[in-house]
Amino acid sequence: MMALQLFANALALGAAYALVAFGFVLVLNATTAVNFAQGDLVVAGGFAAVALAASLKLPGIALLPLVMLLMAVLGLGLSLAAYFPLKSRSPVPVFLSTIAAGVMLQNAINIGFGPEPRTGPPLIASGAFELMGVVIGRQALAVILVAVLLYAGLHLLLRHTRIGRRIRATAEDREMAAALGIRVDAMVALAFALAAASAGAAGLLLANSFFVTPTDGGNYMIKAYIAAAIGGWGRIGGAAIGAVLIAMFEVLFPALPTLLPMGWLTGFGWLFSQTASAIILYAVLLGILAVKPRGLFGERAEQRA
């Protein structure tokens, strides 16, 4: 039963990671450059939720649309400051400018809120319920449901709306899209806004279950990068699957000694520590890049920085 509870927690974490990966791949597709500020946008969303909850006294589920709107505006600003002035150059100056923007955002949050960890507002009233003998927290279930609904909504937006088709056309071939009359720059800016909004939603969901600090952005950025590497650089769905796999590994692997009879591993308990788990995760990333540089479900990797 403990395994099922851990599985539910891992699924909640993976659902939030999937939103981060969604935004990461969306900008990558639209610009062929990596937005290294994506992790800091997650943190900004978490702290925006903390600030709004303190002033409006509303639950997280009611604050979610406002946080996503604020982050979308921030994403537009990021595109204007860090992408468009450099769009005609190689991807390298663009990802350097996003690193700079992320550092500025990180320090601005540090000045405004201080370095202490903060917890975001609960999505709904706290509590738990029992399912087949397994006690599952209502927050974890709410995080899963909200993340799945958001991901499905964003997927439908991209696949079944006119604006979504224009964003995808821009991602596939910007010159052809421009020749067809699509306002490519507007679509790229919209991609940044959607990426920031999904990052903000992920920040609210993660702050709801974990502490959030101004320096967490690098960690979330690396998770998004690994998810994209696992799932395929150009595939949003593959990156979401990669994000869930990462969360499953992070939660379930360190817990294996308590879940399985592993007497034969006596003396190797260190292997299941959080530090060793992180080393294994990055080793897996290196192995994937060495064997399948386009990702497990991937397509083109060319020009990706």
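Biologist: How many salt bridges does a search of the whole structure find?

Modeller: This is a predicted model, and the search of the whole structure finds two salt bridges.

Biologist: Why are Asp185 and Lys87 called partly exposed?

Modeller: Buried means under 20% relative accessible area and exposed means over 50%, with partly exposed in between. Asp185 has 38% and Lys87 has 36%, so both values fall in between.

Biologist: What makes the contact of Glu250 with Lys223 a salt bridge, and are these two residues buried or exposed?

Modeller: The closest N and O atoms of Glu250 and Lys223 are 2.6 Å apart, which is within 4 Å, and therefore the pair qualifies. Glu250 lies in helix H10 (residues 236-252) and Lys223 in helix H9 (residues 217-231), so the bridge ties together parts that are 27 residues apart in sequence. Both Glu250 and Lys223 are buried.

Biologist: Why is the aromatic pair of Phe47 and Phe113 called tilted?

Modeller: The structure holds eight aromatic pairs. For Phe47 and Phe113, the rings are 4.9 Å apart centre to centre, with 45° between the planes. Centres must lie within 6.5 Å, and planes under 30 degrees apart count as stacked and over 60 as edge-to-face, so this pair belongs to the rest, the tilted ones. Phe47 lies in helix H2 and Phe113 in helix H4 (residues 91-113), so the pair ties together parts 66 residues apart in sequence.

Biologist: How do you know that Phe47 is buried, and which label does Phe113 receive?

Modeller: Phe47 has a relative accessible area of 1%, which is under 20%, so the label is buried. Phe113, at 25%, lies between 20% and 50% and therefore counts as partly exposed. Elsewhere, ring pairs link Phe24, Phe36, Phe95 and Tyr225 into a cluster.

Biologist: Why is Val188 called buried, and which residues is Val188 in contact with?

Modeller: Val188, in helix H8, has a relative accessible area of 1%, so the value is under the 20% limit. Leaving aside neighbours within four places in sequence, Val188 is in contact with Ala30, Thr31, Tyr83, Phe84 and Thr170.

Biologist: Why does Ser79 count as buried?

Modeller: The relative accessibility of Ser79 is 0%, which is under 20% and therefore buried. Ser79 is found in helix H3 (residues 60-83). Its contacts, beyond neighbours within four places in sequence, are Phe84, Pro85, Ala189 and Phe192.

Biologist: How many cavities of 30 Å³ or more are counted, and what classes of residue make up the lining of the largest cavity?

Modeller: The count comes to one cavity, with a volume of about 30 Å³. The lining has eight nonpolar residues, one polar residue and no charged residues. Among the lining residues are Val42, Gly203 and Phe210. Gly counts as polar. Helix H8 gives the most to this lining, with three residues.

Technical notes
Residues are numbered from 1 along each chain as its sequence is written. This is a predicted model: local features need pLDDT of at least 70, side-chain atom pairs count only at pLDDT 80 or more; totals for chains, interfaces and linings use all residues. Side-chain values use heavy atoms; hydrogens and water are left out. On a 1 Å grid over the protein atoms alone, a cavity is a set of points where a 1.4 Å probe fits but cannot get out, and a pocket is an open set with protein on both sides within 12 Å along at least five of seven lines; lining residues have an atom within 4 Å of a point. Grid points are joined across faces, edges and corners, and a volume is the space filled by probe spheres set on the points. Helices (H or I, at least four residues) and strands (E, at least two) are DSSP runs, numbered from the N terminus. Rings of Phe, Tyr and Trp (its six-membered ring) pair if their centres lie within 6.5 Å; planes under 30 degrees apart count as stacked, over 60 as edge-to-face and the rest as tilted. Buried means under 20% relative accessible area, exposed over 50%, partly exposed in between (1.4 Å probe, protein chains only). Contact means heavy atoms within 4.5 Å. A salt bridge is a side-chain nitrogen of Lys or Arg within 4 Å of a carboxyl oxygen of Asp or Glu.
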